[in-house]
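Here's a quick briefing to read with the structure open beside you. Take it topic by topic and find each part as you go.

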Amino acid sequence: MKFFISLILTMLLSFAACLFLPWWSIAIAAFVVAALIPQKPFKAFLTGFVALFILWGGISFWISNNNDHILAHKVSQLLIKMDNPYLLVLTTALIGALVAGFSALAGSYLRKTK
Amino acid sequence: MRIVPFLITTAISAALVITLNTRLTIAGNEAPAFGSFLSPQHGFWQNAEPVSEKFNSDLTFQQLTGKVEVYLDERLVPHIFAEQENDAYFVQGFLHAKFRLWQMEFQTHAAGGRLSEILGDKDPRILNFDRNMRRLGMVYAAEIALQEVNKDPVIKSACDAYTKGVNAYIESLTTSALPLEYKLIGYKPEKWTNLKTSLFLKYMSYDLAGRDDDFELTNAKSYFSAGDFMNLFPAIQDSLDPIIPKGTVFEKQKVFPVAPLNVDSVYFNNQDQAFTESTKPDHDNGSNNWAVSGSKTKSGAPILCNDPHLGLNLPSLWYEVQISTPAYNAYGVSFPGAPGVIIGYNDSCAFGFTNGGRDVKDYFEIQFKDDTRQEYSFNGQWVKTTFRVDTIKIKNKAAFIDSVAYVQLGNDICPVMYDKSFSGNRSANQKYYAVRWKAHDASNELKIFTMLNRAKNYGDYQAAVTNLHTPGQNVVFAAKNGDIALRTQGEWPAKWKGQGDFVMPGYDTSFLWQGMIPQDEVPYQYNPERGFVSSANQKPVDDNTYPYYLGRDYPPYRGYIINKRLNAMSNITPQDMMALQTDNFDAGAAMAMPFIISNMKESDLNASEKKYVDILKAWDCRDEAGTTGPTVFEIFWTNFEHAVYDDEYAKAPKVIMRPFWSNLVDGILKDSAYKFLDNTLTPQTETLADMVTGALKKAAVELQQVEAAGKLNWEKYKGTGIKHLAKLVPFSRMDLVTGGGGRAINATKSDHGPSWRMVISLTAQTEAWGVYPGGQNGNIGSKYYDSFVDQWAAGKYYPLWMMTKEQTGDKRILAKMSFNK
């Protein structure tokens, strides 16, 4: 249950923060949620990771789909040197997931006692 | 709290964030900061415009004085209806910025020599480009133009409104809404100014009237004998059919340029050499335009056509627009960066341009007292230099400070463009050359367009175009009252024969330009008997009757074939005109083919060589996609030209003028024992047949390689592509299947060609067609980014819709934008 609440909260907080703040506010969001809702370190990591994987993966897929993947076709050739919109969505999701995962891990250690 | 794991994981997180927030250099290329670039709420994903985007909006700006309504049609062309004229320019500026901001800024940064500021100096060509633009006096020229704008309250208020419109959009921009290129390169737009508009227009002058071969010709003159020089670089081509027909009587000459007495010793026979390898605007920046009168058309109304040939880029140089104000109603293409319609039509008439192409940029050698450049010798006296210190900012580095000397030559202040610190690779860094460029002179080019947009008749057109100084253009005109006209407009220096072909002495007044050709001596045609007017950058007049010297290098073939076709046509429909505009017949090749075939010694050829001769024989001299003839001809001709001339050039300086393309054809047609045919490096005397056959054998080797690479088809060999302005291939449209070539009316080459095709039939209800190789939205993530490209490549057109206020319910309307005060 904690996992799902943390997951939803991390996603909501990240989304809201990014409306006003730079992209790295996802790190703060994941950190804060993990610090407020104590979980085991690995679970906290997973919460942050999955939250941003879904959030960034979901938003970028939704945007790209509405765009008929026009831009993703072009940017993927530039960025990952192949014409593959889905791989670009996956890359986006993984980058967000990694940042949020480690930040959540750090947040969990803030609260964690031995 | 577990302090150690906390610190470690916090450090990892921080390192991740910092790394992803930094622009890294990967494999030698600077990459965007991945975090912000990939973030779906900040980065490039934000530029992925939904394909169902509607663009409806309701905006309020206190800068407006009335109401403006914009209807975007299904091709995303805005139809601007404004209660006040200047409000229309505000909205045009806003829309240009909304759809083309990055390009507007990039082009003006290029014009002002500021590319190092955004791109850095990793590639040394970038700083050299910037220095070249500054030293040519681009900013100096734009500042002079701006002073003229400020003296003209009408134009100034139009520019002010336009600039405010651009800035209103820039102010509304959030980081996530920035055009993709800013995110990739990593910078932000600055405020637009009227100076930027002036800079953009000067960039067009650079592109269209910034070319010269003075150093190349100077080298050629020093290297060749006088006779050979005249032979290789004739002032007139045999196939020339001038814009203003032979036999036209011109106004009485009022300016009499006189060559200095010592012209032979210090100029024509001077053996000095300059060395050059500079990059210059495209040699073929040209165009076609013509108008046929009602007597030749099926409808009885005139038809006007224009297709300006320029470098092809995405986003396009052009942006289609309709502007409707109480004073006028005009439709056509505009320049993102300037107010008004540039090429188009209104409710009474239509107008279009081709480049005049005359030499309006000459170099003078300057003698300084010493290397400090503080004083220069002029008319036997030492005169004080003024300096312009240019600070060229460089990304991530200290600025480069360039000080350019300005000298006064007669009444003109000219930058000493080439000196010991900068030769542009055109001289040996030992001498000083000042540039006298017509684009430095005060003029008010925007006035032409605001006047043309509201022109009702020939008189209005004439009054408008006489404001055109530089770049000089052949301006075509047709009106609903049946008038057609073409004026070879511009303010041109009145030159004595040969003046400015080579670098000139600048030590006194004797070699300076002696005045301008008076406007009433500008050659023109108004309702000529032949029923049409046309221009295709060929020499405007016949040398024997026009009193002023017009230089030597003009492309003859497009003009020749257009005139021939128009002469023969009658009962013309707009569809006939579209077919002519996209015609791929190569008139130059057609003149050469008979002597190629008749001189080919086929018995000397093997089977595979013979195959290519058969392709040539079957070729109809049309540069069509899907055919192999044009490729075989092109490769054969290149080898033939080299075989004929390379021996003459064997000991030439590194960079030197090559003969004009038409020379070889003209020379052989006049005399099959053309002087240069013999290879002077061999003991025997080669004949035309030897040279043709030898060239074919060499070409066959190259053709086999081309064929093996699957590129024998003309469109594949030519490889027409429309590159993104920053040369990013995924953002470009490469390898288009399209015909055409440099000598065809459809002058589509690899990265250069008809940048806008337009056909206007001036019937009671105007019928108009147009297309350009691009799309209305400069956003790479928009479906409108390149939406016209396929239509253009196929040689097809869109009907142009001059919308009326009663048509607001029309199903072609995609969206409505309201601008309120």
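Two strands pair if DSSP finds at least two bridges between them. Helices (H or I, at least four residues) and strands (E, at least two) are themselves DSSP runs, numbered from the N terminus. Keep in mind that this is a predicted model: local features need pLDDT of at least 70 and side-chain atom pairs count only at pLDDT 80 or more, while totals for chains, interfaces and linings use all residues. Residues are numbered from 1 along each chain as its sequence is written, and chains are lettered from A, ligands numbered from 1, in the order in which they are written.

**Strands in chain B**

- Let's start with strand β9 (residues 319-324) of chain B, which pairs with strand β10 (residues 329-334) in the antiparallel sense over 6 bridges.
- Getting from β9(B) to β10(B) takes a hairpin of 4 residues.
- Across that pairing, B:Tyr319 sits opposite B:Ser334 in β10(B).
- β10(B) also runs antiparallel to strand β11 (residues 343-346) of chain B, joined by 4 bridges.
- Here B:Tyr331 stands opposite B:Tyr345 in β11(B).
- β10(B) is mostly covered, with 6 of its 6 residues buried; buried means 20 or more other C-beta atoms within 10 Å of the residue's own, exposed means 12 or fewer, and partly exposed is in between, with C-beta atoms placed from the backbone.

- You'll find B:Ser818 in strand β31 (residues 813-820) of chain B.
- B:Ser818 counts as partly exposed because 13 other C-beta atoms lie within 10 Å.
- B:Ser818 and B:Lys67 are 751 residues apart in sequence, yet their C-alpha atoms are 7.7 Å apart in space.
- Leaving out residues up to four places away in sequence, B:Ser818 touches B:Asp58, B:Leu59 and B:Glu69; contact means C-beta atoms, placed from the backbone, within 7 Å.

**A helix in chain A**

- Helix α3 (residues 41-66) of chain A has 26 residues, so at 1.5 Å a residue it should span 38 Å, and its end C-alpha atoms agree at 37 Å apart; the expected span is 1.5 Å times one less than the number of residues.
- After α3(A) comes A:Asp68, with a positive phi near 55°.

**Where the chains meet**

- 34 residues of chain A are in contact with 33 residues of chain B.
- On the chain A side, α1 (2-20), α3, α4 (70-79) and α5 (85-111) each supply at least two residues.
- α5(A) gives the most, with 11 residues.
- That side of chain A divides into 22 nonpolar, 8 polar and 4 charged residues; Ala, Val, Leu, Ile, Met, Phe, Trp, Tyr, Cys and Pro count as nonpolar, Asp, Glu, Lys and Arg as charged, and the others, Gly among them, as polar.

How values were computed:
Two residues are in contact if their C-beta atoms, placed from the backbone, lie within 7 Å.
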